[in-house]
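Thank you all for coming; I would like to walk slowly through one structure with you this morning.

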Amino acid sequence: MGDILENKKVVVMMSGGRDSMLAACYMVEDGYEVHMIGFDNGHMWESDYIQETAGRVVSTYGKDKAMFDGIFPTAGKMYQKMRAVYKDAGKFDFEQMTCLCCQLSMFEEAIDYCRRNGIDTLASGHRHSDPY
């Protein structure tokens, strides 16, 4: 994986769970400068947990290899997306649509962050078994 890109920077989307933490660790060990970011959609309680988990990665590998760049609010974008797709959401129930719009909002924010910071690799930190 590490030989693909010359820009050895990656953004890891942190949930605070084991999967995103391990993704960040593996990326550091593969030689990437890891930028961890989290998200707050207005309904999640994990903000402190995300910071704590990212802090463990930083303290293990050092600030020159891993950094926590903050938690970004996505609630406004999420609700805009829900309004935009509501008319076409016939096959989705409300909970599914909420999860989909939340994921889209997080990815949109992460991609914008990558572009602003000249980073061309993004790791979602999701489990392979996640359905989205």
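Let me start with a definition that we will need: a residue counts as buried when its relative accessible area is under 20%, as exposed when that area is over 50%, and as partly exposed in between. Please also keep in mind that this is a predicted model. The mean pLDDT of the chain is 81, with 70% of the residues reaching 70 or more. Confidence is highest in strand S1, at 94, and lowest in helix H3, residues 75-85, where the mean is 65. Where pLDDT is low, the predicted coordinates should not be read in detail.

Now to the sheet, which is open and is formed by four strands in the order S3-S2-S1-S4, with parallel pairing. At its edges are S3, residues 66-73, and S4, residues 122-123, each of which pairs on one side only. Strand S2, residues 33-40, is joined to S3 by six bridges, and His35 has Met67 in S3 as its bridge partner. Helix H1, residues 18-29, packs on this sheet and touches S1, S2 and S3, its direction making about 170° with that of S1. Helix H2, residues 47-61, also packs on the sheet, touching S2 and S3, and its direction makes about 165° with that of S3.

What about the interior? The largest nonpolar core has 18 residues, and those touching the most other members are Val10, Val12, Ala24, Val34, Met36 and Val57. S1, H1, S2 and H2 each supply at least two residues of this core, while the largest share, six residues, comes from H1. If we leave aside neighbours within four places in sequence, Met36 is in contact with residues including Val12, Ala24, Val57 and Phe68. Another core, of eleven residues, lies apart from the largest one, and Ile37, Cys102, Met106 and Tyr113 are among its members.

Finally, how many salt bridges does a search of the whole structure find? There are two. In one, Glu52 is joined to Arg56, with the closest N and O atoms 3.6 Å apart, and both residues lie in helix H2, four residues apart, which is about one turn of the helix. Glu52 has a relative accessibility of 44%, so it counts as partly exposed, and Arg56, at 37%, therefore counts as partly exposed too. In the other, Arg116 is joined to Glu109, the closest N and O atoms being 3.8 Å apart. Here Arg116 is exposed, because its relative accessible area is 52%, whereas Glu109, at 10%, is buried.

Conventions:
Residues are numbered from 1 along each chain as its sequence is written. This is a predicted model: local features need pLDDT of at least 70, side-chain atom pairs count only at pLDDT 80 or more; totals for chains, interfaces and linings use all residues. Side-chain values use heavy atoms; hydrogens and water are left out. Two strands pair if DSSP finds at least two bridges between them. Contact means heavy atoms within 4.5 Å. Axes are lines fitted to C-alpha atoms, for helices over the stretch in contact, and angles run from 0 to 180 degrees between N-to-C directions. pLDDT is the predictor's confidence in each residue, from 0 to 100. A nonpolar core is a set of buried Ala, Val, Leu, Ile, Met, Phe, Trp, Tyr and Cys residues joined through side-chain atoms within 4.5 Å. Buried means under 20% relative accessible area, exposed over 50%, partly exposed in between (1.4 Å probe, protein chains only). A salt bridge is a side-chain nitrogen of Lys or Arg within 4 Å of a carboxyl oxygen of Asp or Glu.
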